[in-house]
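Subject: Structure handover

Hello,

Here is the structure we talked about handing over. Please open it next to this message as you read.

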Amino acid sequence: MIRRKVDAVLLLRDGFTGRVVAGDVLCRVDGQPLRRPLWKQDGYLVLHDLAPGPHRVTLTRPGFCPACLTVEAGRGFLEKTITLQPGEDYPFPAGTADLTIRAPGLPDGRQVWVGMESGPALKLAQGKETPPGLEVRLFCQGLERLLPVPGTFLVADPNGAELVSLRALRGGVGELEQPMALPHGRGVVLVGAQSFAVDGGVVRMRFRQGGVVWMFCGGSLARTQIREGSQEFIWRPEGER
């Protein structure tokens, strides 16, 4: 039996469609190509038997921007979902909805989390009286398998929003990586979210269709309705003015 020391388990997603990306990915560890990447069922990329210490991992795939992360080998293993953002040669379909967020108070490099209410709606099926834990009761209006799970979700609560990492969802019961930090009422929407870096005071993204878009940064929450075509939203998060 071959024994491997697993250092990282990565799930790659298409930042436009939300679908899992498997294969045709060049993985470099400290600049050197990984000759025989280990792909597991459901599209998981496994990095194993790395020398102890930090390693710079770069993932590239045609049509996408490179994604980089640091893997600290020898300290258990990293389990992470990586969103590959579309590049200039990504085959976007016609009829997309393009959004530019202008945030003059945010410095370059600041991360803004953005998500659209699309696909099956996911809502909390428990109230503030429920003690925080690693399990959370959820109501999905549609097929659970169509949601980007595992992945990061924005708890879009106007009374106190936060990000949660949803590891699994089965039969209306979600498994969280960490308990929710804030109390939330029943019916609050959870939206699959991606992180975008501010560049020149703006954040740009593209969606398959129009809809309600939520954005979150530094504890501030905002929403806007977008439609097919290009549009802008000016946002000044609290504490950043």
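Predicted model: local features only at pLDDT ≥ 70, side-chain atom pairs only at ≥ 80, totals over all residues.

Residues are numbered from 1 along each chain as its sequence is written, and side-chain values use heavy atoms, with hydrogens and water left out.

Strand β1

Start with strand β1, residues 6–14. Strands here are DSSP runs of E with at least two residues, numbered from the N terminus. Of the 9 residues in β1, 8 are buried, so the strand is largely enclosed by the rest of the structure. Buried means under 20% relative accessible area, exposed means over 50%, and partly exposed is in between (1.4 Å probe, protein chains only).

β1 pairs with two strands named here. Two strands pair if DSSP finds at least two bridges between them. With strand β5 (residues 44–48), β1 pairs in the antiparallel sense over 5 bridges. With strand β8 (residues 78–84), the sense is parallel, over 7 bridges. L10 is a handy landmark. It stands opposite L45 in β5, and its bridge partner in β8 is K80.

The three-strand sheet

Next is an open sheet of 3 strands, in the order β18-β9-β21, with mixed pairing. β18 (202–207) and β21 (229–234) stand at the edges. Each has a single partner strand, so one side of each is left without a neighbour in the sheet. Neighbouring strands of this sheet are turned by 20 degrees against each other on average, direction ignored. For such angles, axes are lines fitted to C-alpha atoms, for helices over the stretch in contact, and angles run from 0 to 180 degrees between N-to-C directions.

Strand β9 (residues 97–102) runs antiparallel to β18, and 6 bridges join them. A97 has F207 as its bridge partner in β18. T100 also lies in β9. T100 is buried, with a relative accessible area of 13%. The C-alpha atoms of T100 and E232 are separated by 4.7 Å, although the two are 132 residues apart along the chain.

The four-strand sheet

Another open sheet has 4 strands in the order β3-β2-β6-β7, with antiparallel pairing. Its edges are β3 (32–33) and β7 (67–73). Each edge strand has a single partner, so one side of each has no neighbour in the sheet. Strand β2 (residues 26–29) and β3 are joined antiparallel by 2 bridges. There, R28 has P33 in β3 as its bridge partner.

Cysteines

How many disulfides are there? The count is 0, a disulfide being a pair of cysteine sulfur atoms within 2.5 Å. Take C65: its closest cysteine sulfur is in C68, 11 Å away, which is too far for a bond. C65 is partly exposed, at 34% relative accessibility. C140 is buried, at 15%.

A pocket

Last, look at the second largest pocket, which is lined by 15 residues. T130, P132, M180, L182 and P183 lie nearest its centre. By class, the lining has 8 nonpolar, 5 polar and 2 charged residues. Nonpolar covers Ala, Val, Leu, Ile, Met, Phe, Trp, Tyr, Cys and Pro, charged covers Asp, Glu, Lys and Arg, and the others, Gly among them, count as polar. A pocket is an open set of points on a 1 Å grid over the protein atoms alone, where a 1.4 Å probe fits, with protein on both sides within 12 Å along at least five of seven lines; lining residues have an atom within 4 Å of a point.

Best wishes
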